Amino acid sequence: MNQYDFTNRAAVVTGGAQGIGYAVAQRLLEGGARVALWDRDEGALFEARASGRCRLGDVESVLVNLTDREAVAHATSRTLERFGQIDVLVHSAGIAGANATVVDYAPEEWARVIDIDLNAAFYVNQAVVKTMIARGYGRIVNIASIAGKEGNPNASAYSAAKAGVIALTKSLGKETAGLDIAVNAVTPAAARTKIFDQMKQEHIDYMLSKIPRGRFVEVKEIAAMVAWLASSENSFMTGAVFDLSGGRATY
Ligand SMILES: NC(=O)c1ccc[n+]([C@@H]2O[C@H](COP(=O)([O-])OP(=O)(O)OC[C@H]3O[C@@H](n4cnc5c(N)ncnc54)[C@H](O)[C@@H]3O)[C@@H](O)[C@H]2O)c1
């Protein structure tokens, strides 16, 4: 496996207790990074901290609900106290939300999905990028979704939130392009993680049927692209969206 050098780099991985975030954290640790896992699931955080590379590496776990802006500020200070700097942010925390048509979508559920999948992305990007601007270096990778480009039926809140994450990434990428800061997003197709427990089987079948590769993307395949985007080798690309859809995306 190719490796990117994260020696002396400190990374924050939100949603790092499981799934895509956990796979990314493993990959960054393999490259020598110190990693802070920010997540609201205490049990999953505990398990993550005790397994794989996290067992051996310099890892901090931070229990935080990312929809709480003050809690995000507190998590940022805590990680800065521990590592002194944040070089890399991978924002992976998210939920699928209910599967229903727009006509039937409950407004409270819409608000919950937007809060976690879009507002939290803003809070986390804002808090962390400030510290990166102060140092003139940083790499941010936001985990969006192919749903944000295409709009999945029966997942309008999720699709809208992920489209928002793509736009946030493009704006922030341009705002920081004069510094050695890169802000990019990836748009995975479906990956079999715990997030599937939140979805209807018909929805999972629909997503699979749309992937020309004919299979789900593996979390390690997502981590591979994220690792490069998060590395210092990615010194030019910013404000961009990187496809991980197995051929589904046509733009
Ligand atoms: N798995 C897929 O099919 C897929 C496809 C495209 C994009 N994504 C996106 O990738 C990201 C990670 O998904 P995953 O498949 O690893 O899901 P997952 O459910 O395995 O992990 C998500 C993590 O985010 C955490 N989280 C959720 N809300 C939070 C909050 N308010 N505060 C702190 N932590 C919170 C959860 O506790 C969990 O550990 C999500 O943003 C998801 O939308 C997933």
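Contact means heavy atoms within 4.5 Å. The views below come from a predicted model.

**View 1. Helix H3 crosses helix H4.** Helix H3 covers residues 69-83, and helix H4 covers residues 107-135. Two packed helices are described by the angle between their axes and the distance between the axes. Here the axes come within 9 Å. They cross at roughly 35°. The crossing of H3 past H4 is right-handed.

**View 2. Side by side: the residues where H3 meets H4.** From H3, the residues in contact are Arg69, Val72, Thr76 and Leu80. From H4, they are Tyr123, Val124, Gln126, Ala127, Val128 and Thr131. Sorted by class, this contact has six nonpolar residues, three polar ones and one charged one.

**View 3. The residues around the ligand.**

View 4. Start with Ile20: one of its backbone N or O atoms lies 2.8 Å from a ligand oxygen atom. Ser92 also places a backbone N or O atom by a ligand oxygen atom, at 2.9 Å. Asn65 uses its side chain: a polar atom there lies 3.0 Å from a nitrogen atom of the ligand. How much of the ligand does the protein bury? Taken alone, the ligand exposes 820 Å², and the protein buries 97% of that.

Technical notes: Residues are numbered from 1 along each chain as its sequence is written. This is a predicted model: local features need pLDDT of at least 70, side-chain atom pairs count only at pLDDT 80 or more; totals for chains, interfaces and linings use all residues. Side-chain values use heavy atoms; hydrogens and water are left out. Axes are lines fitted to C-alpha atoms, for helices over the stretch in contact, and angles run from 0 to 180 degrees between N-to-C directions. Helices (H or I, at least four residues) and strands (E, at least two) are DSSP runs, numbered from the N terminus. A crossing is left-handed if the near helix is turned anticlockwise from the far one by less than a right angle, and right-handed if clockwise. Ala, Val, Leu, Ile, Met, Phe, Trp, Tyr, Cys and Pro count as nonpolar, Asp, Glu, Lys and Arg as charged, and the others, Gly among them, as polar. A polar contact is a pair of N or O atoms within 3.5 Å; within protein, one must be able to donate a hydrogen and the other to accept it, and residues adjacent in sequence count only if both atoms are side-chain atoms. Accessible areas come from the Shrake-Rupley method with a 1.4 Å probe; for residues, only the protein chains shown count as cover.
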